[in-house]
Amino acid sequence: MNSLNVIVCIKQVPDPQQLSKITLDPIRKTIRREDVPAVINPLDKHALEEGLRIRDEYGGRVTVVSMGPPQAELACREALAMGADEAILLCDRAFAGADTLSTSYSLSLAIKRIEGFNMILCGNETVDGSTGQVPPQLADFLNIPHVTRARRIEFTKEKTARVERSIEYGYMVVEVTLPAIIAVTKEINVPRIPTVSGILEAHQREVKVWAPKDIEAEEERIGLAGSPTQVVDIFSPEIGRKGEILRGEPEEVAKLLVQRLHELGVI
Amino acid sequence: MIEEFKGVWIFAEQRKGKLLDVSLELLGGGRELANKLGVDLSAILFGHDVSKLAKELIAYGADNIYLISHPLLEFYQSDAYAKVMTDLVNQHKPEILLVGATAIGMDLAPRVAVKLETGLSAHVVKLEIDEKRQLRQIMPGFGGKVMAVVVCPNRRPQMTTVRPGVFRKPARDESRRGDIVKVEVDITEDDLRARTIRMVEEKPREKPLEGAEIVVAGGWGMRAVGGFKPVRELAELLGASVGGTRPALDEGWIVEEQMIGQSGKTVRPKLYIGLGISGEMHHTVGILDSEVIVAVNNDENAPIFQVADVGIVGDLRDVLPHLLKEFERTR
């Protein structure tokens, strides 16, 4: 196998372990992301690890591409610390408010400026949007094939990857021609932890920051302007359940609960 | 022109010659939307030798079936399915296209949305038609604190993916009539850049959530008692299926098929018991149609108590042993 140049798309997201701390700005109807620390989307770390393993085995380059607000630079730097060769961040107010179509369009323009890539790896979904829509959409903008939910990737012949993808109660085996986008699940590997020297060195390295003009983006196709879907309303749903709370000694409440369920006829 | 787009379409997914339940559920939800709009309900069906399934789709409520039958399309092939679906939509211009949020649906729908240059929302829990004939796509948002309503005002079709269990399977009516349109396609293996060569099914290791009468679910709070053993013990006592939240999945206590919530399963058991579950909306949207909801949590402010019929505020370490004993005693 020849060397493989891999692009890894990453996104900075609110730390999933602390998501419940997110508060809503009731006036602007947006979330206050500042309340929660930001990390590399966990599945994107698995994608990056896979890219680094491929480079370790076959040679090549790993280039990380991301889109986000200025603090997303930290996520790019963490990717460099893990071992990525280069990091590019699309950052500009005009990119903000993008849905997945608009995000994929923007990322595709950035990627088109990177020469000679053989594959693109992404996490299968993010912990904040959770749609998993960007990898297939990015693939279509780039006119390359895609495979989602990959738990294993092998290279069986030149310009082809054999991918095992998980499905409900089973898996599929897909052969995909390269270049392709492969979106990975957490079963694929265990991400490495950046070394101290990696972290120190990453501080010195450049994260390239690109604006819409750097990728020749059409204004009306990026950010909120380029998003066909929009949130028009938010509300707290009415639930309307009885909500009887049993209090007391554990032995008592346990007895009470089981009795209540017998009364209700559900056990 | 937006007004030209009429009709509600669904992607009918089949695997190994069997229609997935979610496809029939989409016909249930789709029928309500079609009736409100005064339009036809149609389904796209790919496969090989699946005309029997086309008749099934009509019995479950479809007015038209677009049937693409080809030996190379027996399994899901993303390039071919995406291209054919796009061509059909461009030809017939439906205003709404629903896709089941399965491993295949979630792979296919986004690509089609780009080809159609239209919006796609994911994991809706409710769909409504507003006074402008627009599709209101409702899902939990913003960290699960509220419900968000999404619309796609300027592009058609309005596309959305719907998790299994969100809609109900409609009644089967053998006497229903519909049109089956056979769509001819010309494909060779070379056209399939991502080619499915094998599909392997694995039997679920534990009683599945689908159709369970009783569900015992656990969340992050089970950490306090060292994991999921008590959840499984209680499930066994009650003949229940085991479920959990995303944190439970991340901990490895359950598998993906056991996760309940917006991007997991929707369950409608007689009885749901949530142990150590805080009750964020991402999870609770998956349980709201349960007959009786019970929760045990040590935090009286946990949102789960807003949706529970009966709750115990207490330490799992103290409460669980007594609960297990009491269920055992009275069975």
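**Loops, helix and interface**

Author: Happy to! This is a predicted model. Let's begin with B:K93, which sits in the loop between α3 (78-92) and β6 (96-100) of chain B.

Reader: What is phi like at B:K93?

Author: Phi of B:K93 is near 50°, a positive value in a residue other than glycine. Most residues other than glycine have a negative phi.

Reader: And how many other C-beta atoms lie within 10 Å of B:K93?

Author: There are 16 of them, so B:K93 counts as partly exposed.

Reader: Which residue of chain A has a positive phi although it is not a glycine?

Author: A:Y169 does, with phi about 50°. A:Y169 is found in the loop between β10 (160-167) and β11 of chain A. With 17 other C-beta atoms within 10 Å, A:Y169 is partly exposed.

Reader: Nice. Switching to peptide bonds: cis or trans from A:L178 to A:P179?

Author: Cis, with omega near 0°. A:P179 belongs to the loop between β11 and β12 (180-184) of chain A. In chain B, the bond from B:R156 to B:P157 is cis too, with omega near 0°. B:P157 is in the loop between β10 (146-151) and β11 (158-162) of chain B. For background, most peptide bonds are trans.

Reader: You brought up β11(A). Which strand of chain B do seven bridges join it to?

Author: Strand β13 (residues 194-201) of chain B, and the two run antiparallel. As one example of the pairing, A:V176 has B:A194 in β13(B) as its bridge partner.

Reader: How many residues go into the contact between chain A and chain B?

Author: Chain A puts in 66 residues and chain B 67. On the side of chain A that touches chain B, α6(A) gives the most, with 11 residues. By class, that side of chain A has 36 nonpolar, 17 polar and 13 charged residues.

Reader: Tell me about α6(A), then. Which of its residues are buried?

Author: A:V253, A:A254, A:L257, A:V258 and A:L261 are buried in α6(A). Seen down the axis of α6(A), the buried residues fall within an arc of 130°, so they line one face of the helix. On the other side of α6(A), A:E252, A:Q259, A:H262 and A:E263 are exposed.

Reader: What do the buried residues of α6(A) pack against?

Author: They pack against β15 of chain A, together with β16 (271-275), β17 (292-297), β18 (310-313) and α9 of chain B.

Reader: What span should α6(A) have at 1.5 Å a residue?

Author: Its 15 residues should span 21 Å, and the end C-alpha atoms are 21 Å apart, which agrees. After α6(A) comes A:G265, whose phi is positive, near 75°.

Reader: Over to chain B. Which domains is it divided into?

Author: Chain B is divided into domain 1 (2-191) and domain 2 (214-329). The contact takes 10 residues from domain 1 of chain B and nine residues from domain 2 of chain B. The touching side of domain 1 of chain B has five nonpolar, three polar and two charged residues. The centres of the two domains of chain B, taken over C-alpha atoms, are 33 Å apart.

Reader: Last one: is B:R331 buried or exposed?

Author: B:R331 counts as exposed, because it has 10 C-beta neighbours inside 10 Å. B:R331 lies in the segment after α9 (316-329) of chain B.

Technical notes. Residues are numbered from 1 along each chain as its sequence is written. Chains are lettered from A and ligands numbered from 1 in the order in which they are written. This is a predicted model: local features need pLDDT of at least 70, side-chain atom pairs count only at pLDDT 80 or more; totals for chains, interfaces and linings use all residues. Domain bounds come from an automatic or database domain assignment. Two residues are in contact if their C-beta atoms, placed from the backbone, lie within 7 Å. Ala, Val, Leu, Ile, Met, Phe, Trp, Tyr, Cys and Pro count as nonpolar, Asp, Glu, Lys and Arg as charged, and the others, Gly among them, as polar. Helices (H or I, at least four residues) and strands (E, at least two) are DSSP runs, numbered from the N terminus. Two strands pair if DSSP finds at least two bridges between them. A residue is buried if 20 or more other C-beta atoms lie within 10 Å of its own, exposed if 12 or fewer, and partly exposed in between; C-beta atoms are placed from the backbone. The expected span of a helix is 1.5 Å times one less than its number of residues. The arc is that of the directions from the helix axis to the C-beta atoms.
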